[in-house]
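User: Hello! I am new to this structure and would like to learn how to read its features. Could you guide me?

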Amino acid sequence: MNSNTDTSRSTKASAPVALHARTSVEQVEEGRELAPKFDQDGLIACITSDADSGDVLMLGYMNHEALVKTVQTGEAHYWSRSRKTLWHKGATSGLVQVVEEMRIDDDQDAVWLRVRVSGSGASCHVGYRSCFYRRIPVGKEHEAGKELVFTESSKTFDPKLIYGDVPNPTLL
């Protein structure tokens, strides 16, 4: 799939997804069973990167339902911690994340998605391509008192045009 606008994958649930109980270190680290470890809030971290460039687009969280829906549909679903609801990425904005590859880490407590994003290709609700659009000065730059450095020069869309009066999900 090479088009950023292709969202032809079905968003309807398909075959059931088996999430197995964690029975041994060997099963979790070396086995073929998906046995994710959700945290005390029922969430698992998910790093999402661009399928072509490898750039990190965002860090989100999945609950059981979001993980299952992502596997079933081939489109990224997350749990919105601020809104406390299931979130189909792009359902409002049109910036759907089509999953090219989904991986789980060694102890199955983090997920990595490689995606192609529909529309402008942005994944950040602020309008930037990546949610990681600022760099933190470290070492000598930090000692020199340098502030956060923007790594993207412009936004790919105007959030007001896309989201209108929808409340901002950023919590203070």
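User: Is L59 buried, partly exposed or exposed, and why?

Analyst: A word on the source: this is a predicted model, where local features need pLDDT of at least 70, side-chain atom pairs count only at pLDDT 80 or more, and totals for chains, interfaces and linings use all residues. Residues are numbered from 1 along each chain as its sequence is written, and side-chain values use heavy atoms, with hydrogens and water left out. Buried means under 20% relative accessible area, exposed over 50%, and partly exposed in between (1.4 Å probe, protein chains only). L59 has 43% relative accessibility, so L59 counts as partly exposed.

User: Where is L59 found?

Analyst: Strands are DSSP runs of E with at least two residues, and helices are runs of H or I with at least four, numbered from the N terminus. L59 lies in strand β2, residues 56-62.

User: In what order do the strands of the open sheet come?

Analyst: Strands of a sheet pair through backbone hydrogen bonds, either parallel or antiparallel. Two strands count as paired if DSSP finds at least two bridges between them. Here 4 strands form an open sheet in the order β2-β1-β6-β5, with mixed pairing. Its edge strands are β2 and β5 (97-104), each pairing on one side only.

User: How many bridges join β1 to β6?

Analyst: Strand β1 (residues 44-50) and strand β6 (residues 110-117) run parallel, joined by 6 bridges. T48 stands opposite L113 in β6.

User: And is Q27 buried or exposed?

Analyst: Q27 sits in helix α1, residues 25-30. With 9% relative accessibility, Q27 counts as buried.
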